[in-house]
Amino acid sequence: MVHEITHILQGEARHSAEGIMKARWTPDDLAAMGVKPLTFTAEDVDLIYQGMDYREAHAKADSKTPIPEHHRSRSGNNGEISMAHGIPL
Ligand SMILES: [Zn+2]
């Protein structure tokens, strides 16, 4: 789950050689997960921040475009686009 959310935050389908963003976990990785969670590499963290910056800039550029009613949250967040929109995967 963390792996998939990180793909969304990073905005790309890349994988790391180690850690939570590894493409395929080995039996050793799965055993290690039972002891403590896998970690992010420094590159994983950088790409999460880059993806967030990209999304923020993209959201500002689109702010003049009216948001269709069905894309607006009903929870009163001033009509901001939900996280599922505008992700360049
Ligand atoms: Zn993946």
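**Figure 1. Burial and overall make-up of the predicted model.** A residue is termed buried if 20 or more other C-beta atoms lie within 10 Å of its own, the C-beta atoms being placed from the backbone. By this criterion, 3% of the 89 residues of the protein are buried in this predicted model. The protein contains 3 helices and 0 strands, and its elements follow the order α-α-α from the N terminus. Where contacts join residues at least 6 apart in sequence, 42% of them link residues at least 24 apart.

**Figure 2. Packing of helix H1 against helix H3.** Helix H1 spans residues 2–10 and helix H3 spans residues 42–61. Their axes lie 7 Å apart and form an angle of about 50°.

**Figure 3. Residues at the contact of H1 with H3.** From H1, the residues taking part are Thr-6, Leu-9 and Gln-10. On the H3 side they meet Asp-44, Leu-47, Ile-48, Gly-51 and Met-52. Classified by type, this contact of H1 with H3 comprises 4 nonpolar, 3 polar and 1 charged residues.

**Figure 4. Confidence along the chain and the segment of residues 74–88.** Mean pLDDT for the protein is 80, with 69% of its residues at 70 or more. Over residues 74–88, pLDDT remains under 50.

Note on methods: Residues are numbered from 1 along each chain as its sequence is written. This is a predicted model: local features need pLDDT of at least 70, side-chain atom pairs count only at pLDDT 80 or more; totals for chains, interfaces and linings use all residues. Helices (H or I, at least four residues) and strands (E, at least two) are DSSP runs, numbered from the N terminus. A residue is buried if 20 or more other C-beta atoms lie within 10 Å of its own, exposed if 12 or fewer, and partly exposed in between; C-beta atoms are placed from the backbone. Two residues are in contact if their C-beta atoms, placed from the backbone, lie within 7 Å. Axes are lines fitted to C-alpha atoms, for helices over the stretch in contact, and angles run from 0 to 180 degrees between N-to-C directions. Ala, Val, Leu, Ile, Met, Phe, Trp, Tyr, Cys and Pro count as nonpolar, Asp, Glu, Lys and Arg as charged, and the others, Gly among them, as polar. pLDDT is the predictor's confidence in each residue, from 0 to 100.
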